[in-house]
Amino acid sequence: MALEVTQVLLNAQAIEGTVRKQAEESLKQFQEQDLPLFLLSLSRELANEEKPVESRKLAGLILKNALDAKEQHRKSDLVQRWLALDPSAKTQIKMCLLQTLSSLVADARSTTSQVIAKVAGIELPQKQWPELIGSLLSNIHQLPPHVKQATLETLGYLCEEVSPEVVDQDHVNKILTAVVQGMNASEGSNEVRLAATQALYNALGFAQANFSNDMERDYIMRVVCEATLSPELKIRLAAFECLVAISSTYYDKLAPYIQDIFNITAKAVREDQEPVALQAIEFWSSVCDEEIDIMEDYGGDFTGDSDIPCFYFIKQALPALVPMLLETLLKQEEDQDQDEGAWNIAMAGGTCLCLVARTVGDDIVPLVMPFIEENITKPEWRQREAATYAFGSILEGPSADKLTPIVNVALTFMLSALTKDPNNQVKDTTAWTLGRIFEFLHGSTVDAPIITPANCQQTITVLLQSMKDVPNVAEKACGALYFLAQGYEDVGSSSPLAPFFQEIVQSLITVTHREDAGESRLRTAAYEALNEVVRCSTEETASMVLQLVPVIMIELHKTLEIQGLASDERERQSELQGLLCGCLQVIIQKLGSSESTKYVFLQYADQIMGLFLRVFACRSATVHEEAMLAIGALAYATGPEFAKYMPEFYKYLEMGLQNFEEYQICAVTVGVVGDISRALEDKILPYCDGIMTQLLRDLSSNQLHRSVKPPIFSCFGDIALAIGENFEKYLIYAMPMLQSAAEMSARTAGADDELTEYTNSLRNGILEAYSGIFQGFKNSPKTQLLIAYAPHILQFLDSIYMGKDMDDVVMKTAIGVLGDLADTLGSHAGSLIQQSMSSREFLNECLSSEDLLIKESAEWAKLAISRAISV
Amino acid sequence: MAPSDLRRPYKRPQLSDQQRRRELSLKRQEQSRDAELQARRLASTLLSLPPEQQPSDPEPEPSSSTDYDLRDASKLKGPAARKWFAKQLMLPEWMIDVPHRLPHDWYVLPRPAGRRCFVVSSDGTTISRQRNGTVLHRFPSALPHGSRNRDGSGPPSYSILDCIFHEMDQTYYVIDMVCWKNYSYYNCSTEFRFTWLKEKLAETKACDPPSYYHKYRFSLVPWSRCDLAGLHNAYAGEVPFIKDGILFYNKHAHYQPGNTPLALVWKDEHCSQYVIDTDSKGQVPSHQQVVLELQDDGKVTTSDDPPVVFSCLNLDFIQQSGLQSGCLLRFAIGDGGLTIVDGKLERADLHYVGTSNRARAFADTYSKIMFQSMARGSPLRIDDLVASISSSDDEADTLDVEMAV
């Protein structure tokens, strides 16, 4: 058998298709017939020094894939399968793996270390394979370098696979000791030193206790800093990666080292090779991220709480940091703006400068201004581009008071540079900078307007002109127009853009027709600008928005006429349909929101719906997300009239609800079910069996992304409101689902911020379902069916109250449910309500809330309860 | 084991337009859902609360809204309902300065004198309830499902109108619409609500003269753009009802329960009989009187949210007089008047008169006190409104940018 495996594994990598297919087939058969033997054979193959490296490598890879998968549901299947495997087979496999770490073949060692980590990722949380870490570390000092290297690599992967809770502190100490010793300058082998440094990167998350101990932390930091000076590029790079990770994981422990780190990073930025220099800059970007987060937690006024104090490292480093970053700006690559994948020191430095400006605000301005003034008119394009970028980078962060006078002077210069500068990169950055001016210093929140009647026309003329420039410049000009329009969002009934509306729309449509509109995301940028111009338009231009409807419809129609496309062309077609449906969505929402335009617009409704249905029909298995979003807007605008589209549309609705893989599509479709419920009311009834079946199936699936589940619950509420007591037949399915989700939300609360946020959105969905069901059944003779569920719902409200981690939205919805329950069940629930904590402490807390919506909900609950218990 | 790609977005906005479209859709759905629940809750209460909510019941006021005790809840039903109801109507603030852009952003309409109420029609009957929750009438009407006459006309539904009942001609003057045939208009703009109100009302026979299945006539209050002609019509035009001032509604505002500066009321002697408040005997007191609410800490405040503090009472005095927090107290404004600095009330010369009539659920609002104070000294005149409209018209073409910020 063993011999056979070797040949099959080699054949599976054969160039000839039939041989390869056959080999893959027999591997599959072997796996299905006898999994333990299959895995054992592979591990023996991997361990056997006499076998060819190719078959050993593939054996390792197949082993790895038998233990882990990207998709959550497949992964948990694989984990269960491994755990259920015959213990003696597992023991033998693990022995083979550990033995392979001493192999003389580097590839075999490397693959093995990953497989061991995967097994550990499954077994350690189950408290199995307890001796693994001990045996890896037992005699690490005496090992020959190649084995030491493999062992450290294994430890690194292991730290990546398992979470810190499952490794006890004693083992953590031993791992860190081994890793840090391996990193030490006294370590003779570069391979060992590199493996150790890379392992530390993953082990940092385990070092919480060690970083709280001054001596241990000093030691780790010294070794990391020394490694940044290694003659070996890869080691320096890995060491800087560790520093970046430390800056976010242990920000509050950085103070004693920050001066040294500055010196190290400054030297690397100026002298080292680019990959290292990029990491050195990333260190400071990461510190900015931390400080921006902390200051946001403080709420700007420093009266709020943050768990971590701000050390103002950026503010202190500013005088040295800013000149260092400004130098990087001059190191642009030619044509970096045309290359989507480009990332170089100038881009990293510029990005960091933007973050520094957001971190320190006004203080950065005087440090950057001399650089701008000195370089902006230089004959060398690099200097002009760097100066312009520097200016653009400081526009977010500093106060409007500080920036407005400067921007007022600069605006004319920028507009002129955008038309006249001979260099494309300078123009690209100039257009981007204009966009940032409009984004941050133009709009109803800014006191002194940058755009005035005196310069409005010129600004628009320059931007429209620049849309005819090369694609990357035109794209930035579209972006600038986007923010120019956005600034007039709250302008009232008359917008300064109105006189230019026609011209702007025409220019943007022309851009979308450019032959090179596929480059630099230009077409997308043009449609996005068009969307924003429409969104922020006022009633004076409503008739022109209306004229845009047939224009976009014809564009969409054109995409449907083309037949027999190759697959990459189909993808482009689908992308274009997405842009057009997105644009129609914005237009529908705009015209539907005003009474005067809605009527006229609705004459197109049949045709638009027809186009959306044809967009759906272009695809076989999936629905188009953008078309779905647009249909939601259309249902909202048409109201009950939407019923006539249902017979044809329904199958796509179902298809959207079935799309587990692209969960965004599923989520959008769930939202559209809500829109349709509100539009159709009881006319949705004939479709409810199908919709509810699909929604319940979605909820029970472990394949569906969890973020879709809360909106599904809200959707139950929408349907119940629409069909009232007809929801009766779904109660026996929906209520247990709601109940178990409620219980789950009580268990998961308080783990971390992300989970708390999810728990709250789940609670909100559940509560909206309850409110919808109660209000839907109100005044129905079937109300009594709900009484049985009341105790659990009241318990759920109590548990939310006691959890103390609800957000304002949940508080409002929860207390509203209390009112709806009392309102619908009346005296039937009187004594239950009186016994619940929610009707006392929780209600009182909400009544005295400063949030108006919570207070309003609470007053409703108070009134409804008073009635329920007084009857 | 490699760290994740360290590339960051470069010269690109952080939020894609597609993401923005998704979020805007979600927001629209969330708002529609909330608006529907809000309308259902209001309809449910309008329909099912017992008819008699005697405001003069000798029931104790809750000592403070935060001290709600369930054991007393059944006794508190009256006040709880009154407070809740009073907050469901959209209540205009008093106009103490003229908003910008009246002709562009506002509607104007004459306000009929009478009792403000919600009218709900559902399940074959129509009920009107006043601000304090008391049922004014229970009657058959030609509103959708407002009488037994219209059975079989579609699925069950409820509709809610915001009206003023005018005694003299026994007519419900409709000023706004909250809900029509289950469709909630809470988060629709005034422009939208007013247009649909006219349309929907015309589809029924509600504006016809009374008949067996239609006990009271409904009538639309004529509204128009707040330009010079519109203002003139509302102020001096012929209307079939007794006028009590004029109303201004911001075109873009949603139906917002409670006090809002996006609806305003203004009056002078020409368009209202009641410009300056009178006492219980119908006399204008020599000094302006105000009703304020006593707080836990002795401060006396208006009913705004957040409340405006007018003064602070001496704690000894509170104890001696046996006053409790939550009490509504009447004060006279002395010769010291109201001191306003930078648009904010700094000091008020208050003289305690006594506790207020129990029928009141709320203290005065800040805008009402200021309007009354101005009415006694230097009122905002119709000329000021006219002047504002005229200058607004001049500026409209040239100064939009400045006006917008």
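This is a predicted model: local features need pLDDT of at least 70, side-chain atom pairs count only at pLDDT 80 or more; totals for chains, interfaces and linings use all residues.
## Where the chains meet

Let's start with the interface. On one side, 112 residues of chain A make contact, and on the other, 67 residues of chain B do. Putting the two together buries about 7,700 Å², with carbon and sulfur atoms giving 52% of that area.

Counting pairs where both residues are at pLDDT 80 or more, 34 residue pairs are in polar contact between chain A and chain B. On chain A, the element that gives the most to the side touching chain B is helix α42 (residues 852-870), with 13 residues. Sorted by class, that side of chain A has 41 polar, 38 charged and 33 nonpolar residues.

Side chains of opposite charge can pair when their charged atoms come close. Over all chains, the count comes to 71 salt bridges. One pair that crosses between chains runs from A:Glu859, in helix α42 of chain A, to B:Lys87, which sits in the loop between α2 (77-86) and β1 (90-94) of chain B. The N to O distance in the salt bridge between these side chains is 3.0 Å. Between chain A and chain B, the count is 18 salt bridges.

## Cavities

Searching the whole structure turns up 8 cavities of 30 Å³ or more. The second largest cavity holds about 70 Å³ of space.

Who lines it? The lining of the second largest cavity includes A:Ala485, A:Tyr488, A:Leu497, A:Phe501, A:Val533 and A:Cys536, along with A:Ser495, A:Ser537, A:Thr538 and A:Thr541. By class, the lining of this cavity splits into 7 nonpolar and 4 polar residues, with no charged ones.

Terms used
Residues are numbered from 1 along each chain as its sequence is written. Chains are lettered from A and ligands numbered from 1 in the order in which they are written. Side-chain values use heavy atoms; hydrogens and water are left out. Contact means heavy atoms within 4.5 Å. Buried area is the accessible area (1.4 Å probe) that two parts lose on being put together, summed over both. A salt bridge is a side-chain nitrogen of Lys or Arg within 4 Å of a carboxyl oxygen of Asp or Glu. A polar contact is a pair of N or O atoms within 3.5 Å; within protein, one must be able to donate a hydrogen and the other to accept it, and residues adjacent in sequence count only if both atoms are side-chain atoms. Helices (H or I, at least four residues) and strands (E, at least two) are DSSP runs, numbered from the N terminus. Ala, Val, Leu, Ile, Met, Phe, Trp, Tyr, Cys and Pro count as nonpolar, Asp, Glu, Lys and Arg as charged, and the others, Gly among them, as polar. On a 1 Å grid over the protein atoms alone, a cavity is a set of points where a 1.4 Å probe fits but cannot get out, and a pocket is an open set with protein on both sides within 12 Å along at least five of seven lines; lining residues have an atom within 4 Å of a point. Grid points are joined across faces, edges and corners, and a volume is the space filled by probe spheres set on the points.
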